[in-house]
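Subject: Model for your files, with notes on its salt bridges

Dear colleague,

Here is the structure I said I would pass on. My notes follow it.

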Amino acid sequence: MALGDAILACLTERPMTGYELAKTFDSSIGFFWKADHQQIYRELSKLRDRGYIQGREVVQSGKPNKLIYTLTPEGRTALRHWAARPSTPPSIKDDLLVRLHALDSIDIEPMRTDLMARLEHHRDRHTNYERILKKRFPEGTASGVLDLGNLLLLQLGARHEQLVADFCEEALEALSAMSGKGKDTGTVVPLEDGKREGKG
């Protein structure tokens with residue numbers, strides 16, 4: 001998958017400016033496909049040159065004009081062709097997991113600190129997914145095909161973040177048991193409680 005494909009997918013929702021596309025990446029599709037704002041603007045120019053999108057200039061009083069991008073028929077065809085190809089399962093590159101592989105040769109305390117930070121990170125992301133789900137799908141159901149796709153994506157994201165947070169909790173408990181730290185340091189509470197015990 002290329003960034004251009006992700007942008008074409010975003011524009012199936014509605015016409016957007018470059019700024020709106022960048023914000024969409026920040027709050028939704030960016031959970032699964034990372035791109036900074038400059039990358040998005042550069043890719044928009046390439047897609048426009050290929051005829052996959054077109055820009056309509058909107059005159060604004062007192063501020064710069066803006067370009068609103070829409071998919072062209074050629075862009076929709078390109079998106080369908082891309083979506084018809086088999087997807088590629090993602091590969092994992094995570095230095096934390098490599099450190100776990102060498103656990104018997106490294107210091108435990110930095111690993112414990114790293115796991116606690118990861119736990120907070122994934123709890124925060126899980127909370128964010130749940131917030132978006134409740135806002136966009138308060139009944140937990142989709143009203144159409146587009147909504148269904150977004151609902152499934154958000155549900156997958158929430159489950160993934162909870163799974164990784166659960167792993168971090170289990171790893172911390174295993175490290176505490178191995179090092180004889182007991183419950184005074186490193187003991188964590190379940191994800192849904194949203195707090196840690198014994199920190200500090």
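The chain has an accessible surface of about 13,000 Å², and carbon and sulfur atoms account for 54% of that. Accessible areas come from the Shrake-Rupley method with a 1.4 Å probe, and for residues only the protein chains shown count as cover.

This is a predicted model: local features need pLDDT of at least 70, side-chain atom pairs count only at pLDDT 80 or more, and totals for chains, interfaces and linings use all residues. Residues are numbered from 1 along each chain as its sequence is written, and side-chain values use heavy atoms, with hydrogens and water left out.

Overall fold

The chain contains seven helices and three strands; helices (H or I, at least four residues) and strands (E, at least two) are DSSP runs, numbered from the N terminus. Read from the N terminus, the order of elements is α-β-α-α-β-β-α-α-α-α. Of the 200 residues, 34% are buried, where buried means under 20% relative accessible area, exposed over 50%, and partly exposed in between (1.4 Å probe, protein chains only). A contact means heavy atoms within 4.5 Å. Of the contacts between residues at least 6 apart in sequence, 52% join residues at least 24 apart.

Salt bridges

There are eight salt bridges in the structure, each defined as a side-chain nitrogen of Lys or Arg within 4 Å of a carboxyl oxygen of Asp or Glu.

One of them pairs glutamate 109 with arginine 112, at 3.2 Å from N to O. Both residues belong to helix H6 (residues 108-136) and sit three residues apart, about one turn of the helix. Glutamate 109 is partly exposed because its relative accessibility is 36%, whereas arginine 112, at 6%, is buried.

Two further pairs run between helices. Arginine 123 bridges to glutamate 169, with 3.0 Å between the closest N and O atoms. This pair links distant parts of the chain, 46 residues apart: arginine 123 is in helix H6 and glutamate 169 in helix H7 (residues 145-179). Both arginine 123 and glutamate 169 are buried.

Arginine 125 and glutamate 161 form another salt bridge, at 2.9 Å from N to O. Arginine 125 is in helix H6 and glutamate 161 in helix H7, so this bridge ties together parts 36 residues apart in sequence. Arginine 125 has 17% relative accessibility and therefore counts as buried; glutamate 161, at 2%, is buried as well.

Regards
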